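Welcome, and take a moment to turn the model around before reading on. The report below walks through it piece by piece.

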Amino acid sequence: MMKKNPGARLELELTVGEVATRSGVAVSTLHFYETKGLIQSRRNRGNQRRYPRVVLRRVAVIKVAQKTGIPLADIAEALSVLPHDRPLTAKDWQRLSETWKRQLDARIASLTALRDHLTGCIGCGCLSMEDCPLRNPLDMLGEKGAGPILLETDEEVNVS
Ligand code: FES
């Protein structure tokens with residue numbers, strides 16, 4: 001019978017400093033990710049965090065998603081269905097990246113519309129509730145149907 005190597009598990013694990021060095025992400029950020037459930041560690045006998053080596057790919061995915069402006073809560077939700085103890089597969093990445101690409105496309109479309117309306121306002125300055133598309137976002141966005149709201153209404157601004 002073959003003896004198990006007790007050091008094998010340790011070799012597969014990384015300290016938070018090692019994860020920080022290899023991923024280029026600050027230790028404080030890694031701790032933050034962990035509090036949000038994006039990554040997971042276990043505690044060793046000395047109560048120190050130990051991360052599975054596969055966390056590096058997970059952190060890389062988180063960073064890429066953040067670069068595209070995906071909110072951390074959305075990233076956490078997308079990753080929540082993927083186990084922490086196995087590497088993300090090409091299929092996992094394909095599913096995640098397709099979802100985030102759709103979100104990115106929608107944001108680009110919203111920002112493009114906002115920019116175009118802003119262009120019309122340059123040099124005007126009326127800020128009319130009736131005529132200015134930036135002041136009257138409900139009419140402007142109402143034509144687009146349900147979806148993200150680009151601008152605060154006066155009621156939202158005055159709530160606090
Ligand atoms: S400021 Fe006049 S249309 Fe927007």
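Helices here are DSSP runs of H or I with at least four residues and strands are runs of E with at least two, both numbered from the N terminus. This is a predicted model, in which local features need pLDDT of at least 70 and side-chain atom pairs count only at pLDDT 80 or more, while totals for chains, interfaces and linings use all residues. Residues are numbered from 1 along each chain as its sequence is written.

Helix α6 itself covers residues 90-121, which makes 32 residues. From its first C-alpha to its last it reaches 46 Å, close to the 46 Å expected at 1.5 Å a residue. The expected span is 1.5 Å times one less than the number of residues. The number of buried residues in α6 is zero, so this helix lies largely in the open. A residue is called buried if 20 or more other C-beta atoms lie within 10 Å of its own, exposed if 12 or fewer do, and partly exposed in between, with C-beta atoms placed from the backbone.

Helix α4 can be read in a similar way. Its 13 residues should span 18 Å at 1.5 Å a residue, and its end C-alpha atoms are 18 Å apart, which agrees. The buried residues of α4 are Val-55, Arg-58, Val-59, Val-61, Ile-62 and Ala-65. They cover an arc of only 160° around the axis, which puts them on the same side of α4; the arc is that of the directions from the helix axis to the C-beta atoms. An α-helix has 3.6 residues a turn, so residues three or four places apart point the same way. What covers the buried residues of α4 includes β1, α2, α3, β3, α5 and α6. After α4 comes Gly-69, whose phi is positive, near 90°.

Which residues of the largest nonpolar core touch the most other members? They are Val-19, Leu-38, Ile-39, Val-55 and Ile-62, out of 14 residues in that core. Helices α3 (27-35), α4 (55-67) and α5 (72-79) each supply at least two residues of this core, and α4 gives the most, with five residues. A nonpolar core is a set of buried Ala, Val, Leu, Ile, Met, Phe, Trp, Tyr and Cys residues joined through C-beta atoms within 7 Å. Not counting residues up to four places away in sequence, Val-55 touches Leu-14, Val-19 and Ile-39. Two residues are in contact if their C-beta atoms, placed from the backbone, lie within 7 Å.

Now for the sheet. Three strands form an open sheet in the order β1-β3-β2, with antiparallel pairing. Strands β1 (13-14) and β2 (42-43) stand at the edges, each with a single partner strand, so one side of each is left without a neighbour in the sheet. Two strands pair if DSSP finds at least two bridges between them. Two bridges join β1 to β3, and two bridges join β2 to β3, which covers residues 49-52. Strands β2 and β3 form a hairpin with five residues between them, and Asn-47 in the turn has a positive phi of about 60°.

| Residue | Partner in β3 |
|---|---|
| Arg-42 | Arg-50 |
| Arg-43 | Arg-49 |

Leaving aside neighbours within four places in sequence, Val-16 is in contact with Val-27, Leu-30, Arg-49 and Tyr-51. Val-16 and Arg-50 are 34 residues apart in sequence, and 6.8 Å apart in space, C-alpha to C-alpha.

Finally, here is the chain as a whole. The protein chain has eight helices and three strands. Of its 160 residues, 12% count as buried. The chain averages a pLDDT of 82, and 78% of the residues score at least 70; pLDDT is the predictor's confidence in each residue, from 0 to 100. Among the elements, helix α2 (residues 16-23) has the highest mean pLDDT (97) and helix α8 (residues 154-158) the lowest (41). Over residues 144-160, pLDDT stays under 50, and the model has 12 contacts beyond four places in sequence for them.
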